Amino acid sequence: MAMSVPTPGTYGWKAVECGNWGNGHPSANSWVTTGSPLQYVTFTLDTNIPMERPESLFGFEEHDIILTWMTLLELDKLKSVEGERGKKARRVIEYIVTLVESVERKNIRDGIPLIDPRNKEKKAVGKLFFSVPSSEELVEKLDPSIPDHAILLECIENRKNGRYG
């Protein structure tokens with residue numbers, strides 16, 4: 001989805017399947033309000049947008065997108081579900097990993113260019129950002145009885161104790 005916001009105002013939008021305006025998400029319009037000409041818009045995606053269509057991550061090519069910690073946790077949980085939902089979650093995670101691996105670790109905080117791995121010649125202007133709690137906040141939010149959380153907690157502890165960067 002390429003969205004241009006040339007003049008200030010309130011605009012309705014939704015992600016739709018190419019050529020099928022009846023298949024949109026969300027089913028009703030969402031709204032974006034801009035206050036200045038050519039304002040850059042950043043979208044925070046919930047889990048439903050990439051789960052509906054994993055390639056939607058690359059549809060915001062001229063805008064930044066943010067994936068929250070909760071969205072990442074939901075995707076992680078959904079990846080082990082059988083059937084189409086699990087398959088889509090694994091595809092989204094695969095795209096995220098490909099994007100993360102496309103930049104040096106130290107540059108992740110600056111945003112990851114939304115370059116579609118299926119079409120690398122297409123120039124991306126927008127970037128992917130992650131909204132992740134600090135290590136201290138994560139310690140409070142993670143459940144050590146969940147194996148992936150226990151691994152993260154161990155990594156946080158090792159980092160705190162200077163065992164690795």
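A residue counts as partly exposed when its relative accessible area lies between the limits for buried, under 20%, and exposed, over 50%. Thr68 has a relative accessible area of 23%, so Thr68 is partly exposed. The model in which this residue is described is a predicted one.

Thr68 belongs to strand E4. Setting aside neighbours within four places in sequence, the contacts of Thr68 are with Thr44 and Ser131. Phe130 lies 62 residues from Thr68 along the chain, yet the C-alpha atoms of Thr68 and Phe130 are separated by 5.8 Å.

The setting for these details is a chain with five helices and six strands. Read from the N terminus, the order of elements is β-β-β-α-β-α-α-β-β-α-α. The chain has 165 residues, and buried residues make up 28% of them. Of the contacts between residues at least 6 apart in sequence, 48% join residues at least 24 apart.

The residue Gly111 sits in the loop between H3 and strand E5 (112–113). Its relative accessible area is 6%, and Gly111 is therefore buried. What does Gly111 touch, not counting residues up to four places away in sequence? The residues are Lys127, Leu128 and Phe129. Ile65 is 46 residues from Gly111 in sequence, with a C-alpha to C-alpha distance of 9.2 Å.

Helix H3 also takes part in a helix pair. The axes of helix H2 (residues 69–78) and H3 come within 8 Å of each other and cross at roughly 130°. Because of this angle, H2 is oblique to H3. The crossing in which H2 passes H3 is left-handed. On the H2 side, the contact is made by Leu72, Leu75, Asp76 and Leu78. On the H3 side, Arg85, Gly86, Ala89, Val92, Ile93 and Ile96 make the contact.

Aromatic rings are the next topic. How many aromatic pairs does a search of the whole structure find? The search finds one. In this pair the ring centres of Phe58 and Tyr95 are 5.1 Å apart and the ring planes stand at 85°, so the pair is edge-to-face. The cut-off behind that term is a plane angle over 60 degrees. Phe58 is in the loop between helix H1 (48–52) and strand E4 (64–68), while Tyr95 is in helix H3 (residues 84–101). The two residues are 37 residues apart, and the pair links distant parts of the chain. Phe58 and Tyr95 are both buried.

Is His149 buried or exposed? With a relative accessible area of 10%, His149 is buried. Leaving out neighbours within four places in sequence, His149 is in contact with Leu73, Leu142 and Asp143.

Key:
Residues numbered from 1 in each chain as written. Predicted model: local features only at pLDDT ≥ 70, side-chain atom pairs only at ≥ 80, totals over all residues. Heavy atoms only, no water. Helix = DSSP H or I, 4+ residues; strand = E, 2+ residues; numbered from the N terminus. Buried < 20%, exposed > 50% of the residue type's maximum accessible area, 1.4 Å probe, protein only. Contact = heavy atoms within 4.5 Å. Phe/Tyr/Trp six-rings, centres within 6.5 Å; stacked < 30°, edge-to-face > 60°. Axes fitted to C-alpha atoms, helices over the stretch in contact; angles between N-to-C directions. Parallel < 35°, antiparallel > 145°, perpendicular 65-115°, else oblique. Left-handed = near helix turned anticlockwise from the far one by under 90°.
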